[in-house]
Amino acid sequence: MFKFLFFLTIFTLCDILQAVETDKMINCYYGSWNHNDQFRKHLEPKDINPYLCTHISYGFFGISSVGAFTVLNVNRDLNLGYLDHTLALKWRNPELKMIAVVGGPSVSSKLFSRVAAMPELRSTFRHTTLAFLQAHGFDGLDLHWLYPGSEGMSGDFGYFVTLLKELKEALSPLKMELGISVSGKVSIARNWYDIPNIVKYVDFINVMAYNYTSGNRLTHDAPLFGRGDDNVEATINFWIDKGAPSSKLNLGVAFVAHSYILWDSQDIRTETAVDTEWPFSSVEPEFKPYGQICHIEYMKLIFNTSYGFDGEVGASFVQDQVTWTSYESPRSLEMKMDFVLQERLRGVMIWSLQNDDYLGKCFEDYAMLQVINRKLDNRFQCQPNICCIKSIKLRNFCFKIESEGQFHTCSVEKNSSSYSKMNQLIFLLITLALCGLSETVITNKMINCYYGVWSFKRPTGARLGPVDIDPYLCTHISYAYFGISDEGLFTALQPKRGLLNRTINLKWRNPELKLIAVFGGPEVDLQHFLKMKSYDCRKFLIFRDSMSSFLLENGFDGVDLHWLLEKSGNELPQKNEFTDMLRGFKQGLAGIGLTVGVTVSGEISYARMAYDVKAIAKIADYINIRSYNYSHDTWATHDAPLWGTDEYNVDRTIQYWLENGAPASKLNVGVAFTGRSFQIKPLKHLETKTVAVGPGISGLYTREKNYMSYHELCKIQKRLKRLQPKALGFDTIDGASFMQFRDYWWSYENAQSLELKLDYLLEHQLGGIMIWSLGNDDFNGRCGPNFPLLQFIVRKLDDRYECLRGRCCIITKNLVQLCFEAY
């Protein structure tokens, strides 16, 4: 019976996990040069998994002095059968495409220039290339000419385009693809590539976005982000800005590491002076393949080695007492694949199959390529650090990418001798149960997450795109902001259609997610809108109809009236004006199944003048109370305390709404994943309240006076915890966290203060929580896991978890205790 169950499980997995299903190109470089590796068993064609790539680019081929296509290594490619055996992979996967790569280090740029410049040599190259591709069953050609113009040939700029044009005209009738591989250096692309004309004649462009290291400066080899041009984002944006369609660009990633010898072994910052590169690699003197660096990574508990992930630039590094190494890791790859999806690129180009851990020495076979597959495969559903199969047969089989950059599958290693067959099946079943728990939050509370265009428009390193959002952590996502056009119609205030569509598409990943359109905000003249409602009913009905049409056509589930007026320069509305407007919206939207909520100020003095609490509560489906921003410029004090002696705290605000007739089940406590910063006079001891002498530090990314997001604050908190732990404080009387260091004082929200507010929410049986906002959480995992504050809220409110003093554990009948530290 056991054998039947075990093999049934294996066959089910094999049925699901065969060829990658994706609309993205996964272009894997492979060539006979891997035969030179003296330290590892070289990668034979028969050992290649033909289902992990959509294309295999076989290199390198050359050009003779008379312009003819030529095989550079006749012995290996032809006599030893490397070429035929590689092409035979198409028998195992008929959907696999084979690309012949011409160029590389053995073909000089001067020879390329000569062939491109002379019509008779171009003709010879074209005809001999087509003959070879057809004879061997190739599906396309890749010109690997990285540096046109580098030999002083000024005509290369135009001749390269001419060469591509003629090749395209010859290949298209045969339904063969034409691609090029280009340098990732912006300085090279700017001077040597006629991008607007090149893109007319190619099907794909492999942008080799790596090898950014420079001289004897310690820098990451392939950072995703950065301040200058030497990073992936800058390179891809340059090509797009110059006219390259994103749908033709393949992001190049290299499964390699680059090492330095350190002068000061304590200094692991980037951009610091180092000695020469460390000769370690089996093939090239300054680089080593991931298949070797992962071995050292795997033994981290034995050796005195420090590992790190630079969240600001999206790159991994490792340091021992002598060397500092920048390398591509599963974690950095995950961020780059999110970038590929977010920018809608053609796909990814991989250098190269033999640099991966293809033997499975450290983790599973082809660990890095597997990460790419699961991120881009349409059958997988990836949240931060974890991918699960979307399948009726085995829907919750999961693969986890650990935070320190190691990769593990939830299945047991196939060569492991420490597990019996029965243990393997038990482990698999437990894994399926745990992965199932990590999907949609199970709670009767509303977790309403604000998300808006401003999160995507922030500087590099702090942009939250829809692809980065985990759609299982919120019950509702409120997309902000919408307003009224000059024609009186419902419209997006900062229209970015692609951003809106990708946000809407989150509902495809989680059909239970509710999407809310937020009408209002700081840019909408609500006084003007009120007058329109009061004095021109026809215009109001036209606006409401345009809102209804927009919401239904785009798959929204409701609208949120973000009713906050500036207290200076505007007259406060009469209570009945807002109530009448809310009633007008409710009458038009309720009949078509759309909800109507409101977002209101947390200040009681404002609520007394502007809100008819009892009337609002009868009409609205829910009420988001912005119970934060209680602090003022003159005093350094808590921005969102739970308790207090005056009315500027969460408890007094909630009690005011309850006492004036609002049902607890309709109230959402608002929490801001932000902090407020003040400049104070230096104090000897921690103070929960003191005089402010000026505004504090502004965030590097948010750039708002006195305010910082949690992903900026957590780095300060982490540093102070290590260097000056007494600078961190928690006010148990008011239920608020703060930091005080020298002449600066910060009030901020963290897991400790959140836990008290969530206990308060549950104790008073409130409807849920409103979060301002997703882009302010540590979504990139700079200080720990991705979305740490939101993750804690989910586990605290999820009925399957039991939380006590910052630790949440899964409640299961079989006593499996999977726990998560919150702080």
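Cysteine 449 and cysteine 474 are bonded as a disulfide (a pair of cysteine sulfur atoms within 2.5 Å), with their sulfur atoms 2.1 Å apart. The torsion about that S-S bond is about -100 degrees, so the disulfide is left-handed. Cysteine 449 sits in strand E20 (residues 446-452) and cysteine 474 in the loop between helix H15 (453-456) and strand E21 (476-484), so the link ties together parts 25 residues apart in sequence. Helices (H or I, at least four residues) and strands (E, at least two) are DSSP runs, numbered from the N terminus.

A quick word on the model: it's predicted, so local features need pLDDT of at least 70 and side-chain atom pairs count only at pLDDT 80 or more, while totals for chains, interfaces and linings use all residues. Residues are numbered from 1 along each chain as its sequence is written, and side-chain values use heavy atoms, with hydrogens and water left out.

Searching the whole structure turns up three disulfides.

| Disulfide | S to S | Handedness |
|---|---|---|
| Cysteine 28 and cysteine 53 | 2.1 Å | left-handed, about -100 degrees |
| Cysteine 449 and cysteine 474 | 2.1 Å | left-handed, about -100 degrees |
| Cysteine 714 and cysteine 783 | 2.1 Å | right-handed, 75 degrees |

Now for accessibility: buried means under 20% relative accessible area, exposed over 50%, and partly exposed in between (1.4 Å probe, protein chains only). Cysteine 449 is buried at 0%, and cysteine 474 is buried at 2%. Cysteine 714 is buried at 2% too, whereas cysteine 783 is partly exposed at 22%.
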